[in-house]
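Please have a look at it first.

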Amino acid sequence: MKLVEFSTARPVAVSMGFLAVMVFGGVSYSQLQMDLLPDLSFPTVTIETEYEGVGPREIESLISRPIEEAISVVQGVQEVTSRSRPGRSDITVQFRWGTDMDFAALDLRERLDLINLPADAGRPTIARYDPASEPVLRFALVSARPLDPAITQDREELIGLRWLAEEQVRRSLEGIEGVAAVRVTGGLQEEILVEVDEGRLAQVGIPFAQVAARLAAENINLAGGVLEEGDAQYVVRTVNEFVEVDEMLQVVVGTAGGESVLLGDVAEVRRGGAERETLSLVNGNEAVEIAVLRESTANIVDLSRSIRERLPEMEADLPGGVSTTVITDQAVFIERAVGDVRTAAIMGAIFAVLLLLLFLRHLPTTLIVVTAIPISVIATFVLMFSRDISLNIMSLGGLALGVGMLVDSAIVVLESIARERETGKGPLESARDGTDRVGRAVVASTFTTVAVFLPIVFVQGIAGQLFGDQ
């Protein structure tokens, strides 16, 4: 075989080639992303449309059916199902596997823009489930004691926890490289409550709408144009926003009997919490949950490690009695799963080498196999990086399978070379003749295994995406 002749005739060039492969492989390994499973993309989107105060039958005829007719002609659509309920229409569109979902979503948006829906209906929104959009790490700000929202003091503490999460913790996390967004849920959002006494309003003859209009007019922050002075330009703004509750009480909402009526005369203004749609509990106690989402190119394990390193620093800046508790961390499951597969592959290679040493009873021959295993694995990292394949349990399983095939082939070739040495031939001649004798058979046996796994390339659906990396 020409490859064997070249390798034996040019040992320095081959050695330099192996060193180059190891260098590129090491660099590629440092750039590979680590994930639990391969990147999964479900060819399904949901179109959500809200139409308040309308029954299911009207939702179907006015919203669901026109949207179904418009999107059914989009290329790649395989199935369309709809669900109409009071005030809402949910339409699920399933595309064929392999469809580019980014272009499909754009095509859907163009079709939806051409539909004439009722003027008071909400705009259709496209939602797509992406496993990569799941939070990398979720943790919570918890108080040292149980909090009860029914108690005024505890409500104020829940408002304070939410403010800390949004203004302090979120800003600290958003500065970490790889963080795409920080989502805050739970606790209580601060809200200024204006409780108007309708009886007193009726006495002074001021309509409720006038009170709301006066508050909106007194709480403004608007652009006022541009002021030019020489080469400089100054942006002019009208800023008149409320800062304290007492300022709101002094707003004039109307007149009665020739005297001004203040908001404090007809209403009570106080700080409170907005109505909640979500509730976060940690060990049965109220808390504020913080979810960190990653950028598409960020490494989950590295990002989680960076966030965990930042947590003690953030906790030191929190008030006394407030601490952080990690709820879920994707990196923990990924490191355990990938670590188990990596350990199994390494242990398998070690046992294979020990068995070779036991049966061959020749250390130099065994060392050849020991050298071939890591070099081949490192070379694979270059191909994985070029194909954008992450380190996951499936790709590492493929590596473990390849190590087993490599050991089998190495044993056959080394045995053939050893047989040539027994006939009195020199090392170089034995390497050439022994490898040439079994080379075609080894390649054929390897390709039989490749032929078994090659049909996975043509498998579609979740199975194809899962086993494609292997």
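Let me begin with the exposed side of helix α4, where Phe103, Leu106 and Glu110 are exposed, exposed meaning over 50% relative accessible area, buried under 20% and partly exposed in between, with a 1.4 Å probe and protein chains only. Before I go on, please note that this is a predicted model, in which local features need pLDDT of at least 70 and side-chain atom pairs count only at pLDDT 80 or more, while totals for chains, interfaces and linings use all residues. Residues are numbered from 1 along each chain as its sequence is written, and side-chain values use heavy atoms, with hydrogens and water left out.

Which residues of α4 are buried? They are Met101, Ala104, Leu108 and Leu112, and they cover an arc of only 75° around the axis, which puts them on the same side of α4; the arc is that of the directions from the helix axis to the C-beta atoms. An α-helix has 3.6 residues a turn, so residues three or four places apart point the same way. The cover over the buried residues of α4 includes β1 (44-50), α3 (56-71), β3 (88-95) and β4 (125-128), where helices (H or I, at least four residues) and strands (E, at least two) are DSSP runs, numbered from the N terminus.

Turning to the nonpolar cores, by which I mean sets of buried Ala, Val, Leu, Ile, Met, Phe, Trp, Tyr and Cys residues joined through side-chain atoms within 4.5 Å, the largest has 50 residues, and those with the most contacts inside it are Phe139, Leu141, Val169, Leu173 and Ile290. Apart from this core lies another, of 20 residues, among them Val74, Val77, Phe95 and Leu112. Leaving aside neighbours within four places in sequence, Val169 is in contact (heavy atoms within 4.5 Å) with Phe139, Leu141, Leu164, Ile290, Met314 and Leu318.

How many aromatic pairs does the structure hold? There is one, pairing being defined by ring centres of Phe, Tyr or Trp (its six-membered ring) within 6.5 Å, with planes under 30 degrees apart counted as stacked, over 60 as edge-to-face and the rest as tilted. The rings of Tyr29 and Phe381 have their centres 5.0 Å apart and their planes at 40°, so the pair is tilted. Tyr29 in helix α2 and Phe381 in helix α12 are 352 residues apart, and their pair thus links distant parts of the chain. Tyr29 counts as partly exposed, at 34% relative accessibility, whereas Phe381, at 10%, counts as buried.
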